[in-house]
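Please open the model in your viewer and keep the selection panel at hand. The stops below go from one pair of side chains to the whole chain and then to its two parts.

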Amino acid sequence: MNLYMFYLGGNAGKSNIEVHDVQFAAVETPEQAWPLLREAWYGDKDKIHLDGYTIIKWTDGYDVTLSTEPYQGKQKLFFVNAGGYRPDTLAELHEFDLFVAEDADAAKSRALKTLLLGTDQQHKDNLKDVDDCLLLDKVGGFYLHLHENPNGEPAKPAWQGYLPIGE
């Protein structure tokens with residue numbers, strides 16, 4: 001079983017431009033996640049597509065594994081999405097990453113030191129759960145376990161492109 005992070009795109013209602021979302025799934029293959037992703041998509045069900053995905057095996061100094069048993073460690077995994085602006089573009093910029101911390105405040109603080117550096121009016125939005133961070137402790141019936149490993153390799157996209165998965 002693998003932990004995947006998917007970057008989804010599509011249209012939503014009367015949107016004039018493509019909108020995006022990030023979703024997580026615990027599956028053996030990316031294709032097994034398509035029904036889950038379609039169900040989670042908030043926009044037009046026939047317009048959803050993948051822009052990319054990665055397998056999360058290591059992040060922020062920790063190996064990430066899945067188990068049917070609850071995790072007892074102090075460190076937790078958080079997904080943080082930050083937004084900001086540059087004076088030369090109208091669009092809001094976004095950057096996201098995974099952070100290991102004991103609580104959401106610590107994850108948020110670390111994220112603001114690394115995400116969207118050099119932008120104006122840096123802020124966070126679309127952040128969920130505890131203190132504007134998405135706590136990733138259980139995905140699809142599997143608990144995330146963290147094991148310290150300072151020598152791991154950061155995740156890179158396993159696939160990027162345009163792949164319609166709508167019904």
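With which residue does Arg110 form a salt bridge? Select Arg110 together with Asp60: these two form the salt bridge, and their closest N and O atoms lie 2.6 Å apart, a salt bridge being a side-chain nitrogen of Lys or Arg within 4 Å of a carboxyl oxygen of Asp or Glu. The pair links distant parts of the chain, since Arg110 sits in helix H2 (residues 104-112) and Asp60 in the loop between strand E4 (58-59) and strand E5 (62-67), 50 residues apart. In total, the structure holds two salt bridges.

Before moving on, note that this is a predicted model, in which local features need pLDDT of at least 70 and side-chain atom pairs count only at pLDDT 80 or more, while totals for chains, interfaces and linings use all residues. Residues are numbered from 1 along each chain as its sequence is written, and side-chain values use heavy atoms, with hydrogens and water left out.

Next, show the whole protein chain as a cartoon, where you will find two helices and twelve strands (DSSP runs, H or I of at least four residues for helices and E of at least two for strands, numbered from the N terminus). From the N terminus on, the order of these elements is β-β-α-β-β-β-β-β-α-β-β-β-β-β.

Now colour domain 1 (1-58 + 137-166) and domain 2 (72-135) separately; such bounds come from an automatic or database domain assignment. Over C-alpha atoms, the centres of domain 1 and domain 2 are 18 Å apart, and the contact (heavy atoms within 4.5 Å) takes eight residues from domain 1 and nine residues from domain 2.

Between the two domains an area of about 740 Å² is buried, 85% of it given by carbon and sulfur atoms; buried area is the accessible area (1.4 Å probe) that two parts lose on being put together, summed over both. Select Phe24, Asp137 and Leu146, which supply 53% of the area that domain 1 buries against domain 2, more than any other three residues. A search for salt bridges between domain 1 and domain 2 gives a count of zero.
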